[in-house]
Amino acid sequence: MGRRHGPSRYLAPAIAIGLAGSLVAAPATAQDQNGEPTPPVEWGTCPEDVAAEAPQLECGLLPVPLDYTDPKGTEIQIMVSRLASPDPDKRRGVLLFNPGGPGGSGLTMPTDLVSRGLPTDVSDSYDLIGMDTRGVGYSSPVSCGFTTDYRGNIPPYAVDETAVAEQAETAEAAADQCAHNDTDDRLRHLTTANMARDLDRIRAALGEQQISFYGASYGTALGAAYASLFPDRSDRIVLDSNIGDTHLDHEGMRRYGLGAEQTFPDFAQWAAQRHDDYGLGTTPEEVRATYFALAERLDENPADTEEGPIDGSTFRLATFATLYHESLYPQAAQGWQSILASDEAPVQEQPHDTQPPGAPAPATEPKTQPSPFDNAWSVFLAVTCNDVEWPEDLDTYQRSVAQDRERYPLYGAASANIMPCAYWSHEPAEPPVEIVDDGPSNILIVQNQRDPVTPHLGGEMLNDKFAQRSRLVSVDGSGHGVYVNGDNTCGQDVTTAFLVEGDLPSQDTLCPA
């Protein structure tokens, strides 16, 4: 058997899920979507924490309307970052990045991707532009005031109708808390449509007639919205790991259950091949049976750790999180192994620093302390709840949970569970952005065939909606993220060729493993 590790190491990701300096020359003034001149970005030093992580970056603030129906009214600030092309002769434009969320900070994304292997042909061809979208980080941040009592954006697994009703109380309290803390009335203006309009303000402030864009996960919704609202101002658009539309709704959340079912067999195969190390089963079928046995055992008798009790819901969420990338499989297997052994002493003694790349460490302070994820969770809820109407009756969620507990038993009864959007204080101010299939053929959709959070179906849906404008590149691979974050050579090469040369495949493409 392999060395035992406490499940708290593997559960860490689930428990958690300023500007100064001299200015440099800026491009000439360009026009925004209303034909008004937009002041250029004045580049300077990034905030201290960003500069410490990515000293190569420049940062700047850009004013945008809080409410685009009142363009002369209240303004908020958007912070953008730049990693300029080192080769002016090869530079062809700007490439904007969004890491997903909604609520993820993207200021360091240019240097993050370069450090992970973004081809030099891409970084030579573009100024790489990161950003905090409205409400995030350094872009006029919002806060619902969440403490560590709030468990995050994905509801717990619901074992029955009573569990859904209990979660409804938590969801309603979260929505009320957001409304109570929204003292400057900003939350209702956090939408994908407004973020896409912000992108066009950034385009104008950079002095560009068009922008290229790479978005991952929720970033695909933002990129799809921009390409639909401003088709002629979109240059080369890459949408990686797709949610299937320009917004996340109840049905989109339910697809998490589908993604878990499609991706779990890869982990089960991996674990079965290492049965001598972990003892989780000699076949994928046995590993799956072990999963259900452990989940049901923890439903009845939660295990105690320094982070608190691990119940069946937390175990399911932790397993779901470790399906994001094969590099996380060992910590999942070690956590399962420790729970199987019921050895609480090692559980208490293990360090708690193992987590997915980029995820902050879980809080260990008393639960009354502010959550380090308050801002990200607040933006996620605001955008998700503002973009589209959500069901408001409890029965809808109880039916969805019952259905998905049967068809997606690994995780579906969590992602179908009720969210604060059912009790949100604002109705959508406008319909969600509709995909526009009349425009340039300049959209590359890349998608793993097995992705726990954005299953392949999302790529298919978006490709169908864009019709002749897009091509779908399906990768015979597992996990969340294809370009740079994945290791499929075909997927990397096709995406790079599109960004650098504009080579959109003539038809949808399958990249073998």
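This is a predicted model: local features need pLDDT of at least 70, side-chain atom pairs count only at pLDDT 80 or more; totals for chains, interfaces and linings use all residues.
Colleague: Which residue of S13 stands opposite serine 474?
Modeller: Serine 474 sits in strand S12, where it is the bridge partner of glutamine 447. S12 also pairs with strand S13, residues 509–511, in the parallel sense over three bridges. The residue of S13 opposite serine 474 is leucine 510.

Colleague: How many bridges pair S11 with S12?
Modeller: S11 covers residues 443–450, and it runs parallel to S12. The number of bridges is seven.

Colleague: Is the unit of S12, H18 and S13 right-handed or left-handed?
Modeller: Start with the unit before it. S11, helix H17 (residues 456–466) and S12 make a β-α-β unit that is right-handed. S12, helix H18 (residues 489–501) and S13 also make a β-α-β unit. The hand of that unit is left-handed.

Colleague: How many residues of S12 are buried?
Modeller: Strand S12 spans residues 470–478 and has nine residues. The strand is mostly covered. The buried count is seven.

Colleague: Is cysteine 511 buried or exposed?
Modeller: Cysteine 511 belongs to strand S13. Beyond four places in sequence, its contacts include Val473, Ser474, Val475 and Asp476, and also Asn488, Cys490 and Gly491. Its relative accessible area is 0%, and the cut-off for burial is under 20%, so cysteine 511 is buried.

Colleague: How far apart in space are cysteine 511 and glycine 477?
Modeller: In sequence, 34 residues separate cysteine 511 from glycine 477. In space, the C-alpha to C-alpha distance is 8.8 Å.

Colleague: Why do the buried residues of H5 line one face of the helix?
Modeller: In helix H5, the buried residues are Ala163, Val164, Gln167, Ala168, Ala171, Ala174, Ala175 and Cys178. Viewed down the helix axis, they line one face because they fall within an arc of 145°.

Colleague: Which exposed residues does the face of H5 turned away from its buried side carry?
Modeller: The buried side has cover that includes helix H14 (374–387) and H15. The face turned away from that side carries the exposed residues Glu166, Glu169 and His180.

Colleague: What does H5 reach from its first C-alpha to its last?
Modeller: H5 runs over residues 161–181, which is 21 residues. At 1.5 Å a residue, 30 Å is expected. The helix comes close to that, at 31 Å.

Colleague: At the start of H5, which residue has its backbone nitrogen reached by a side-chain oxygen of aspartate 160?
Modeller: The oxygen comes to within 3.2 Å of that nitrogen. The nitrogen belongs to threonine 162.

Colleague: Which residues is glutamine 398 in contact with, leaving aside neighbours within four places in sequence?
Modeller: Glutamine 398 has its place in helix H15, residues 394–407. Its relative accessibility is 11%, so it counts as buried. Its contacts are Glu161, Val164 and Ala165.

Colleague: How far apart are the end C-alpha atoms of H6?
Modeller: Helix H6, residues 192–205, has 14 of its 14 residues buried. After the helix comes glycine 207, with a positive phi near 75°. At 1.5 Å a residue, H6 should span 20 Å, and its end C-alpha atoms agree, being apart by 20 Å.

Colleague: What is omega for the bond that joins glycine 101 and proline 102?
Modeller: Most peptide bonds are trans. Proline 102 lies in the loop between strand S5 (93–98) and helix H3 (109–115). The bond from glycine 101 to proline 102 is cis, with omega about -5°.

Colleague: What is the phi of serine 217?
Modeller: Most residues other than glycine have a negative phi. Serine 140, in the loop between strand S6 (126–132) and H5, has a positive phi of about 45°. Serine 217 lies in strand S7, residues 211–217. It is not a glycine either, yet its phi is positive, at about 60°.

Technical notes: Residues are numbered from 1 along each chain as its sequence is written. Side-chain values use heavy atoms; hydrogens and water are left out. Buried means under 20% relative accessible area, exposed over 50%, partly exposed in between (1.4 Å probe, protein chains only). Helices (H or I, at least four residues) and strands (E, at least two) are DSSP runs, numbered from the N terminus. Two strands pair if DSSP finds at least two bridges between them. A crossover is right-handed if, with the strands pointing away from the viewer, the path from the first strand over the helix to the second runs clockwise. The expected span of a helix is 1.5 Å times one less than its number of residues. Contact means heavy atoms within 4.5 Å. The arc is that of the directions from the helix axis to the C-beta atoms. A polar contact is a pair of N or O atoms within 3.5 Å; within protein, one must be able to donate a hydrogen and the other to accept it, and residues adjacent in sequence count only if both atoms are side-chain atoms.
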